[in-house]
Amino acid sequence: MAKAYRIVLLAFAGLFCSRAWAVEWTPTLENTPNLHTTTLTITLNAKPGAAQAIPVELHNLAESVWTANVSAGQSTLSPEDFECTAPGKIKEDLVFGYVTKITAPDNDVASMKVAWAGDDGVRYPWESDPAPVGKEDGGATIWPGLHRNNAGHFSWRYEPNGLLTDSVSFDGIARYYHRLASTPDAFWQFHFVIPDALGPGRMLASQANENAHMSGRDEEVRVEAADSVYNPKDAQVDWTSFRWTRKARVAGGKEYTTQLRYGAMALGVQVETDSPELAVGYGPAGKGGRNLFLAMPTADGLQIARPGEPIDPRAMSQNWLVMVDGDGAGSIPVMLIFQYRPDALSYQATGLTISRASGVGTIAIGAPFGVRVLPLEDVQRWRTAPGTIPTEELIAFRPFLMAYPWACRETFSVSNGQVHIRDAMTFLPWEDDWGTQFAPSSPIPPMVAWSVHAGYLPKTSIKNIQPTGIDTRYGPYWVGKGDEVDYALPIPRAYDNFPIRCQPPDDLAWLATITRTTLAGLDEFVPTEPSSPQVWTHALTFDHTAGAWRAANYLTPDERARFRTASRQRILGGLMPQNFRLRVDPLTGAKYMGVSFVWYGKEGPWGTFDLDRPNCTGYNDLPFWLGVNLYGIYTQAKYNAAWDLIRSQWPTVRSLVSYYENFNSWALMDPGSLESGGFYHADMPTAGYAGLVGYYYLAKQLGTPYQKDLGAYLLARSAVPMGCKLGFRAFMEQSGIRHLELVGKALPAGFGEDFAVSLHTPIAEQDNWGTSDPWWETGCLGPQSGQPEAMDLFLERCLDDLDTFERIFMETCANEQFAENDDVRVIPHVMVRTRLGGELRRSGAELVQLQNRPQYLPRDAHAFAEILSADCPVQLIDWAPGYIEDASWDATAATARIAVDGGGNGCTVKIISRASPVGLALDGTTVGEPIAISKSGEPRPFEVAIPAGKHTIQLICPAR
């Protein structure tokens, strides 16, 4: 192991860390280290009179520097030979795979050669494909799913969070979204604690959060435990289950054990303790009170007890009771299910104390009415008329806490454009003093249920699944009988749009000028020499190449050829393995690759992070940074026909998907935008979706059979929340979820762990529409400049929602005001309006005109090209692995001409035409019959087989 952080006490060593005059070596793709490299061979061509010990420095993107004194000639070194002379931004040992530069003093060295060798023998999960589980009847391979090496929804936390109805801490469950007032005691919390236990106390933390979460609320209330409460060694974590054991000492000196069991698929938690007493009850922000009454089943029916009234547990005819709270904001009743009959129950204003001399045992706790908040008048009526209590709903809820869904092993197969998923469940065993037994039932992810119910997914997606009438924060809770459920997700079509060059109409001449000036500025962004590893990898792969490539038909042949050469050189830096860092989840041990951007420590440019806390070791926008990298790499492969280059670096590209595998949530169907699993809005999840589009198509060309199916599986899962998020407000209104935000003409913004932004209403007179404003969470359809495939998902699955969303936005924020923003915010709305067409397309063009910018970043150019080409009836979808040399539309002749290089093996060009009939010719020879629009009137994709070499497609499309 390298001798980490022992600073070399040599005066000249510190000088060389900052010297600009040095012989320097930077890696190339052909000669670069990786995470497995163990040996560095360095050859120094020394100058006459050089020192015998020449200091050689290794640098990485974290700005750490490692130094070894090396003799002239050839030396073979290992990490142990180097001392840290500058710790940089993060504390870790020397890893050759992170080296971005090697320097030596030029007064001693004339030239330097470097070579890497050795292999540590370690293999990470993404570096080998799993063995198949079996075969479907139709021959499709069945693969193990996301449960492998997965942190699921439990990563990067001191305390678990994200229950289907509530948030969870060791001492309680809480709900942050049903109270109407933003005060510290306004949210609901249900505690379960050992009375008089000593140890770390709980504290109420209240902080403004506009900058932290941009949620639109004036204040976020958070209850958190002292740092010493949580020890990762006390927890057993899987992607759907969290088992946390903790010792508690009481005043008399005795020590008891409490265990919290929490399943991501379950509607409640289980708490087990050997303590003779356990106290439960409602307490806003740790305070007592708010208990109205409890209802207990007896042989004579439900017995109602108010605080202070005696309860005889011997009268319990079944193993449950219901506690009811209430205030002006409503009530969230809680069901308690007992493993053992208590010796005594003491019900006071501060809560219920459960006593059993030999230990309380296990108690299951959950909200039987799901996310619904019951009106106070209803529960007040229950106190005097227990016959009005909906006992049938309580009885129906009980099995979900007793036959408790725990571990899930997911398998999948891909066939006929669908991903077939099977979830095999295990359940926590239950035996109680009443001899109660229930057959288990297995839930499907609630977003799948909602998407089927609302029409975002076809009804054929599920079979033998029944609604329960219970709503979770992510959708309705639907289950199948037994310990297995099956459902099918369609692979989203993810149509690209390569705008064909058109002669702009007179009223868009100004936009043609902007497009030309934007593309003319490419030279300043595309180097002619290979790029070196950089922190901002998305600039190499996406910002200055992707959008420009999608507008490439508006380049001249010479410009296009120069851009093709230069952008190929530029992307080399984005493929360097040094850009990406091995990360380990502190709770589960799940390993994955993150971008080097998250190396920033306590004072990074985008936030402050405490490196000493396990869930604060980096920036949390991984879906964005990984997503735009993957999408940019895919764009280069497809538009530049750089498949050979990407193939040579496929292990690096494959590693970038490991985050999506390791942090995918059963409930969210996606990692979300935070490492902690929260599905907050803005451009983070959208960028993640775009990245998965890129990986899916890359793997189709370059991947193994497993990698191809994995790409389809991850993309199909991610498309579920993406496709229903704009209309998710309908579910929230139906379920009765209440939020801290204003409810009115609000943007339908999707979902989060606490629905932080889901019902925010933008106010044009108050918001300045910047990143600190809540509209950024609700209104951003990004990421940067948007992607055609993400827009296509909205058009395919939620066209009406998208249209409604954009019209509300336009009404709330006038173009004159919105145009004052930068392109990150404006361009995605321009794209949406272009896709929706009609007066909305004109509004999108007006946004660009009002900005009055002569030039944009290259990533924005494709949005302008889409407007200029909007009337062209021909749309290019795919041509991999070929290369489009030029594509133009002659409106007078109603003809599209597409020049294609099929490469050495030929390719297939996929085209959509919105006109019918279509005359089709290849190199002047008619190909097949004219292609017609489908009977439904929808454009129908068709394919043209292109032989090896260069060819021309001609399509004749009469006016519509």
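Tutor: Ala, Val, Leu, Ile, Met, Phe, Trp, Tyr, Cys and Pro count as nonpolar, Asp, Glu, Lys and Arg as charged, and the others, Gly among them, as polar. This is a predicted model, where local features need pLDDT of at least 70, side-chain atom pairs count only at pLDDT 80 or more, and totals for chains, interfaces and linings use all residues. Residues are numbered from 1 along each chain as its sequence is written, and side-chain values use heavy atoms, without hydrogens or water.

Student: How do the residues lining the second largest pocket divide?

Tutor: A pocket is an open set of points on a 1 Å grid over the protein atoms alone, where a 1.4 Å probe fits, with protein on both sides within 12 Å along at least five of seven lines; lining residues have an atom within 4 Å of a point. Here 27 residues line the pocket, and Q875 is among those nearest its centre. They divide into 12 nonpolar, 6 polar and 9 charged.

Student: Which helix gives the most to that lining?

Tutor: Helices are DSSP runs of H or I, at least four residues, and strands are runs of E, at least two, numbered from the N terminus. Helix 17, helix 20, helix 21 and strand 36 each give two or more residues. The top giver, with 3 residues, is helix 20.

Student: What is the bridge partner of Q875 in strand 39?

Tutor: Strand 36 and strand 39 pair over 4 bridges, in the antiparallel sense. In strand 39, the partner of Q875 is I912.

How values were computed. Two strands pair if DSSP finds at least two bridges between them.
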